[in-house]
Every structure is written in structure tokens, then in C-alpha cells.
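Visitor: Got a model open here. Can you walk me through it?
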Amino acid sequence: MREEEKKRSSQDSSFKRFMKKRWAFPAIYIASAAIILTGVLWYQTSDNATDTDSYDYEATDITGKKYDEPALEVNRAMENFVMPVKDPDSAVIQKQFYDYDGKAEEQEAALVFYNNTYHPNTGIDIATKDGETFNVLAALSGKVTKVEEDSLLGNVIEVEHDKGIVTQYQSVTEMNVKVGDQVEQGDVLAKAGESLFNEEAGVHVHFEIRKDGIPVNPLDYFNKPLSSLQELDTTEKADAEENSGATEGNDEAAPSEDKSAEESGKTEDEGSAEESGAEDENAGNTEEDDSADTEEDPAGTTEDEGQTDDQVEEDTATESTDA
């Protein structure tokens, strides 16, 4: 018994000595805090592992999810439109874009004459100074949506860059792309060729930029990002083109109206001339009638006068007989 009591007393004394040390309580406090934090973290981890079964892996925030509309790459939105040639300094603009708000001289120079009719140029015609063929490059990264062989326009390639924004390359040969291809800016699409629609341009590429189907002047967007075209409101431009077309229609209708007015004037003049001629004929007929009547009347008068002379002679003869 005494030995056990000695052991207990020694243990109590050692514990008291440990608790009397300065670092004892801080050590106990830190150890307790570490144990508590470890328990909290373990509890949260176990909850997350339990909730993974309830996740919807078909949500739109999962990597690889197929969207109804393709997302536009950020770097593509930051790309600038460039001229579809390797060396822009050697390029020559054969025919400018037809601007409905431009000056009359500029509009006249932007008309394409084909089949005895003038057509407004909906893009720009690019050629080289030496007149030789050259590689036609993609002006902006995008997806090829049209590759057509067209004898009139000289084949057509269309690349879509954003919803409603496309670039067109006409009068090209040796096309290197097909529908569905993804092209990067500067990729070779084809080679410049000729077209029946604009034979005067020779070997060239007809380049267009369209927003919602409305052509815009490519020279206004070279070295500018795609976002600058995204902000463009094409409604006003379409209205301006329609109003311009209506004005041209009225101008064309005006000569016909003048012509009809001239014809009506001529008709009135001819009618008045005919009426005056009829009056002249009637007047002539009246004069002839009067002259005829005058000629007849003197004859009648002469007969009457002749009859009067005979009566006088008879009366004289009667008086002489009586005598």
C-alpha cells in the first residue's frame, strides 16, 4: 500500500511540476486548437464527398458541354481585320465600295457595268500592280460556311466570324478550303482570278464584309477589331439604301412623266389644230355656199328682170292696140 501511495504521490508531484512550467498552458492550447481545426476540416471534406453524387454533370458549366450556339473566342474578338493579301503595299484597289452617302463622283466610279446595266459595287476589288495572280488570305479567323463555283462571279468563298458577320471572297481560283473548315487569320484560301461580272478589273479578288446581310465598306474596318463591327447598327444603313433606291426610281420615272406630259401637250396641240382646221373648213364651206348663193341670186334676179321687160313690152303693145 505504501508503495502505491508513493507512486501516486510521485505522479501527482510530476504533473504539478509540469503544469508549473511556463510553456505548459500555451502548448496545451495550441494542441487543442490543432485538434479542433483538424476535426472541422475532416468534417467538411466528408460532406463534399457525400454531395458529389447529387451533382448534375450535364450542366452548362462543365468542360466539354456542347452549346446550341458556338462560343466566340476571346482572341478572335481582339483580332483586327486585315487586307486579304500578303503584301498590302503592293495591292491596288481597282474599284471602290459604292457608298450611298458618298459624293456623286465617287459613286459613279464605284459602279460596275455588266450586261448594259450599271450595278453598285458591294465590296472592293483588289489586284496587284503587276496584274499577276496572288494568294488570297483570310482577313480574320472564322469558319468556312460557303464554297461555290460561280462562272459569273468567279467562284465564292464565305467565312463566318460571328453571328451575322461574314467575309466574302469572289473571283478566286484553286480554292484550298471546304465548308466546315476552321481557318486562322492569314491562312491561304485560294488564288486571285477573273470574273465575267467585272472583266475590266482583270486578275483580282472581290472582297466583302457583311453585317446581317448588309455590305459595309471594308476600308472602314481594316486594322479595326471585330468588336467595332459588332456594335454597328445596320438598320439605318438599310433604310438609307432603300430610300436611295426609291429616289433613283423616282428619278427614272420623271422622264417618262415628262414624256407623257409632252405627248399630252402634243395631243392637245394636235387637237386644237384639228379643231381650228375644222373651223377653217367650215368657214370655207360657208364662203363657198354664200358665193354659190350669190351666183344663183343674180341669175334669178336677171330672170326676174327679163320677165319684167317682157311684161312692159306686152303692156305697151296692149295700149297701142287699144289706141
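Visitor: Which strand order does the open sheet of 3 strands have?
Guide: The order is S5-S11-S9, with antiparallel pairing. Strands here are DSSP runs (E, at least two residues), numbered from the N terminus. Two strands pair if DSSP finds at least two bridges between them. This is a predicted model: local features need pLDDT of at least 70, side-chain atom pairs count only at pLDDT 80 or more, and totals for chains, interfaces and linings use all residues. Residues are numbered from 1 along each chain as its sequence is written, and side-chain values use heavy atoms, leaving out hydrogens and water.

Visitor: Which are the edge strands?
Guide: S5 (135–137) and S9; each pairs on one side only.

Visitor: How many bridges join S5 to S11?
Guide: 3, and the two strands run antiparallel. Leu137 has Val188 in S11 as its bridge partner.

Visitor: Switching topic. Where does Ser171 lie?
Guide: In the loop between strand S8 (165–170) and strand S9 (172–173).

Visitor: Buried or exposed?
Guide: Ser171 is buried, at 1% relative accessibility. Buried means under 20% relative accessible area, exposed over 50%, partly exposed in between (1.4 Å probe, protein chains only).

Visitor: What does the Ser171 side chain reach?
Guide: The backbone nitrogen of Glu194, at 3.5 Å. Beyond four places in sequence, its contacts (heavy atoms within 4.5 Å) include Leu153, Lys191 and His204.

Visitor: And how many salt bridges?
Guide: The structure holds 2. A salt bridge puts a side-chain nitrogen of Lys or Arg within 4 Å of a carboxyl oxygen of Asp or Glu. Arg210 meets Glu208 at 2.8 Å, N to O, and Glu208 is buried at 2%. Lys178 meets Asp181 at 3.3 Å; Lys178 is exposed at 54%.

Key: Helix = DSSP H or I, 4+ residues; strand = E, 2+ residues; numbered from the N terminus. Polar contact = N/O pair within 3.5 Å; in protein donor to acceptor, adjacent residues only side chain to side chain.
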